[in-house]
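This report goes through one protein model part by part. Keep the sequence and the 3D view open while reading.

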Amino acid sequence: APRPVTPVQIDVPAAARRRGWEGVVVLESSVDPSGAVATIRVAESSGHEALDDAAVRGMERVSFAPARRNGAAVPHTFRQPVRFALRE
């Protein structure tokens with residue numbers, strides 16, 4: 001599986017924070033052999049479009065070390081939950 005090489009930082013949007021929105025977004029992302037994110041889609045919504053959009057924007061900023069098979073870089077698709085919580 002690909003490994004992130006840049007920090008994954010996804011913040012709760014200010015409007016969502018003010019409204020007290022929390023939730024989990026499940027993203028389905030594909031990473032190409034160069035380690036770039038090729039596609040991102042919301043596989044499971046949090047129920048709040050602002051949180052879903054923030055998760056997608058955050059994933060767009062991540063760089064990856066590509067997945068490898070028999071030593072060669074290969075494309076890979078995976079699912080990643082993104083949890084938005086106002087209190088830990």
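## The model

The model is predicted, and local features need pLDDT of at least 70, side-chain atom pairs count only at pLDDT 80 or more, and totals for chains, interfaces and linings use all residues. Residues are numbered from 1 along each chain as its sequence is written, and side-chain values use heavy atoms, with hydrogens and water left out.

## The nonpolar core

A nonpolar core is a set of buried Ala, Val, Leu, Ile, Met, Phe, Trp, Tyr and Cys residues joined through side-chain atoms within 4.5 Å. Buried means under 20% relative accessible area, with a 1.4 Å probe and protein chains only. The largest such core has 15 residues, and V25, L27, L51, A55, F64 and F84 have the most contacts inside it.

Two or more residues each come from β2 (23-31), α2 (49-60) and β7 (76-84). The largest share, 5 residues, belongs to α2. Helices (H or I, at least four residues) and strands (E, at least two) are DSSP runs, numbered from the N terminus.

## A buried charge

D52 lies in helix α2. D52 is buried but has no salt bridge, and R57, the nearest side chain of opposite charge, is 10 Å away. A salt bridge needs a side-chain nitrogen of Lys or Arg within 4 Å of a carboxyl oxygen of Asp or Glu. Lys and Arg count as positive and Asp and Glu as negative; His and the chain ends are not counted.

Leaving aside neighbours within four places in sequence, D52 is in contact (heavy atoms within 4.5 Å) with V25, V42, S45, S46 and G47.

## The largest pocket

β7 gives the most to the lining of the largest pocket, with 6 residues. Residues lining this pocket include P4, M59 and F84. A pocket is an open set of points on a 1 Å grid over the protein atoms alone, where a 1.4 Å probe fits, with protein on both sides within 12 Å along at least five of seven lines; lining residues have an atom within 4 Å of a point.

Key: Buried means under 20% relative accessible area, exposed over 50%, partly exposed in between (1.4 Å probe, protein chains only).
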